[in-house]
Every structure is written in structure tokens, then in C-alpha cells.
Amino acid sequence: MYVSRLECPKCGATYENGKVIQLCKCGSPLLVRYDLDQIKKTFQKKDLIGRRPDLWRYRELLPIKNEGNIVCLGEGMTPLLLLKKLGKEINIPNLYMKDEGIIPTGSFKARGAAVGVSMAKELGIKVLAMPTNGNAGAAWAMYCAPAGIKAVIVMPESAPPIPRGECAIAGASLYLVKGLISDAGKIVATAVADYGWFDASTLKEPYRIEGKKTMGLEIAEQFDWALPDVILYPTGGGVGIIGIYKALLELVELGWIHDKLPRLVAVQSTGCAPIVKAWEAKKTESEFWKDAKTIAFSITVPKAIGDFLVLDAIYKTNGCAVAVEDSEILKAEELLASKEGTFVCPEGAATLSAAIQLQKSGWIKPEDRVVLLNTGSGLKYPETVQVKPTVLNPGDLLPQI
Ligand SMILES: Cc1ncc(COP(=O)(O)O)c(C=O)c1O
Ligand SMILES: [Zn+2]
């Protein structure tokens, strides 16, 4: 285990690893720092050969001390698909999609949960609570079950229904709130203060991001350490994009990749686009987005605690932030299924809409290697597809097509 310390990216304060900790005393999220010089001496690319295809193949860059605490459901090493047909049609011939739809619990939230829950187990936590838009709660509930940790999950009443079932069947205590994730967050914060539970809210503990950063490690490995030019990521709380950026910086320090990083693109919906608004105004923090509403429910985050880190990742990589209409998201979801055979979640589909927009504006060039991050399976969102098939009687004949 190579963690050297926990560090505040805002005020620079450092904390000892291995203790129960939430935010920095200044209120900022904390980041896990490793002794990369030491890792450099003992961990090489070739060591990955023959390791299991899950995210624990990067264990030197993960915070768990005792392997016995690892809760693994097989998460990680998701496919990187070349979208040949679609790429050609939209004039991005090197268009790829990293498909997190096939990971345990059907969304990339399994990565954050695997590392977050394993660390919670290592720290001896018995009860954790979190607000969620659905998928994170489902994933943490599932990983908490084998870890023997009680999970208390609060999600908006309007969240898609499938994660409710996942939380319930895993044995979590589930509550719905008539409001947004920000309202769920306030309820959790009060309970945490009252009962001393561990607060597993986005970025209020330092380890979820370590799980999510493995998407960046995998992209680098899957491209044989020659990075793509652009990565588009559907951004809510922003942990994924912050994690990918952190992973790439660590790989640069290890000398595994060169320092021309992919341009990172935060994709949001026009119905909730605080990061886009902040980026357009060249700000370093976002403002609370009022009346947030989008079909891409999981990215309905009116104000993210790590917004300054998301914006930093965009600025430092010469990336950008793009908002897309819900109608375009639904079209993109259909395009991905009908052209490429992938049924993606609306959030993942939003990255295709954004890529199309950026190609049209010339920001994405035909020679760019572009990665869409599909963060979850369309199977979790049956309500996004309206279908009314013809019902036949036995013996009916099918029309010629
Ligand atoms: C399917 C899906 N995509 C994207 C996101 C946004 O994740 P992040 O917090 O990394 O921005 C979420 C978060 O709930 C999600 O469930
Ligand atoms: Zn601080």
C-alpha cells in the first residue's frame, strides 16, 4: 500500500491516511496521494500482464492495505468499442465508446462503490449514509451487503425506479425525498451529524474517486498507453472526470504516458448545466442551477461540491463543457442502439450528442481519436424507450419488410 497522505486541493492541508475522515477542515474534498517514486521502482506496465481483468489489477495505485478487506464483484476492464459505423456517419472515424453498461449493478458507480466500501470496511465503519440520484445508492447498497456494512440511502422520489429495487433487495434502508439530490444531501448531513454515521456523499469521503479513476487507467492501458485526443464524460457530481484526470496525472508521474493529455469534455444537459455555465464564463466554481430537470436524471446535480476540480481538469487539458438538449439525448440513445447494438443510459447517450455538436463546430477534428464514456446500461432506463409492438393472434401472418 503506497498511500503517503490525504491532501486538500484547495488549501494544501495534509492528513494521515488510515483514519476515518470526511472533508478538509476548509470544507474541500480530500484527494489520496501516493508515493509515486516508490511505486515507480516496483510497478511496471509489464506487471499488468496476467493480472485479473478487474480494477484491482491497479492495486498499487489504490488505497487498500489489507487485501482481505477488498469487496470485488468483478468490476472493471469494461470494453472499449470502436464505433465504426456511427463514427463514419458523423465524420469522427476514430470514435470509441468505453461501455460501463456491463459492469456489476449496470453503472460505473460500481467502481466508486468497490473502492469506497472496501476502504469503509478497512476503517471499521458499520453504518454509512448517502444521497444519490439512484445508481450510486444501488451500487453502494450492493457492495455494502457482502462487506457487512449497513447502508442508508436517500434519493429523489422522481429518480428512475430500478435502483430502488436494487437498494431494497440488498438490504439497505431506503428513503425517497420530494426534491432533488441536494435536498437528499441535506437530510443525510443532518442524520450523519446526529448519529455519527459515515457520510458517503459524493466527494465527502476520499476513496470513491480512487475507484472511478480506474476508468482513466483502463483507457490508457486499452490504448496501449498512447492516449486518445478527446474524452467526453457525462458530468453530474463530476467524480468520474476528476478521477480520470487524476489517473492520467499519476500515470504521467510514473512515466507511463507522455504529458499531452486528452482534452476532457464535461457533458451536461441544457436542463441542468452549472459546469457549462461556469466554463463559458471562465469561472473556477459553479453556481446553484435552479429548477434543474433533465431526462438524463443522474446528472441532475445543481451544484457539485467538486465543481472547482472539474473545471480545473477541463482548463488544464484544454477541454470544454457542452450542454445538450434532452431531445438530442434520446436521438443519440437510439442511434447507438440501431447503428452499433449498444443500449446505453441517457447520460452516456448525451456524450454522443455532444460529440456531434463539437464535430459540427470544428472543435473535434476528423483525425481526433475520441472516447465517449457510457456510464451505464440502458436496461436500467426502460422508460426512455416507448414501444408499442403489434400483437398477433396465433396463426397470423407477418407482413413482408
Ligand atoms: C449513469 C450515470 N452517469 C453519470 C453520472 C454522473 O457521475 P459523476 O458524479 O461522476 O459526474 C451518474 C451519477 O449518478 C450516473 O449514474
Ligand atoms: Zn483544505
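Aspartate 224 sits in the loop that links helix 8 (214–222) and strand 10 (230–234). The model is a predicted one. In it, the phi of aspartate 224 is near 55°. That is a positive value in a residue other than glycine. The residue is exposed, because its relative accessible area is 60%, and the cut-off for exposed is over 50%.

Asparagine 318 also belongs to a loop, here between helix 11 (307–316) and strand 12 (320–324). Its phi is near 55°, again positive in a residue other than glycine. Asparagine 318 has a relative accessible area of 59%, so it counts as exposed.

## The zinc site

Which residues coordinate the zinc ion (ligand 2)? The donors are the SG atoms of Cys8, Cys11, Cys24 and Cys26, at 2.3 Å. The angles among the four donor atoms run from 105 to 117°, and the site is tetrahedral. For four tetrahedral donors the ideal angle is 109.5 degrees. Along the sequence, the donor residues of the zinc ion (ligand 2) follow the spacing C-x2-C-x12-C-x1-C.

Cysteine 8 lies in the loop between strand 1 and strand 2, and cysteine 24 in the loop between strand 2 and strand 3. The pair therefore ties together parts that are 16 residues apart in sequence. Cysteine 8 and cysteine 24 are both buried.

Strand 1 (residues 3–7) is joined to strand 3 by four bridges, and the two run antiparallel. Where does valine 3 find its bridge partner in strand 3? The partner is tyrosine 34.

A four-stranded open sheet has the order 8-7-6-9, with parallel pairing. Strand 8 (173–177) and strand 9 (198–199) stand at its edges. Each has a single partner strand, so one side of each is left without a neighbour in the sheet.

Strand 6 (residues 127–131) and strand 7 (residues 150–156) run parallel and are joined by five bridges. Leucine 128 has alanine 151 of strand 7 as its bridge partner. Helix 4 (residues 135–147) packs on this sheet and touches strand 6 and strand 7. The direction of helix 4 makes about 165° with that of strand 6.

## Nonpolar cores

The largest nonpolar core holds 93 residues. Val117, Leu128, Trp140, Ile244, Leu251 and Ile257 touch the most other members. Which element gives this core its largest share? Helix 9 (residues 239–254) does, with nine residues. In soluble globular proteins, nonpolar side chains tend to be buried together.

Leucine 251 has contacts beyond its neighbours within four places in sequence: Leu217, Ala220, Trp225, Trp256 and Ile257.

Conventions:
Residues are numbered from 1 along each chain as its sequence is written. Chains are lettered from A and ligands numbered from 1 in the order in which they are written. This is a predicted model: local features need pLDDT of at least 70, side-chain atom pairs count only at pLDDT 80 or more; totals for chains, interfaces and linings use all residues. Side-chain values use heavy atoms; hydrogens and water are left out. Two strands pair if DSSP finds at least two bridges between them. A nonpolar core is a set of buried Ala, Val, Leu, Ile, Met, Phe, Trp, Tyr and Cys residues joined through side-chain atoms within 4.5 Å. Buried means under 20% relative accessible area, exposed over 50%, partly exposed in between (1.4 Å probe, protein chains only). Contact means heavy atoms within 4.5 Å. Donors are N, O and S atoms within 2.8 Å of the metal (3.2 Å for Na, K and Ca); water is not among the atoms, so sites may look incomplete. Four donors count as tetrahedral if all angles lie between 85 and 135 degrees; four count as square planar and six as octahedral if opposite donors are over 155 degrees apart and all others between 65 and 115; anything else is irregular. Axes are lines fitted to C-alpha atoms, for helices over the stretch in contact, and angles run from 0 to 180 degrees between N-to-C directions.
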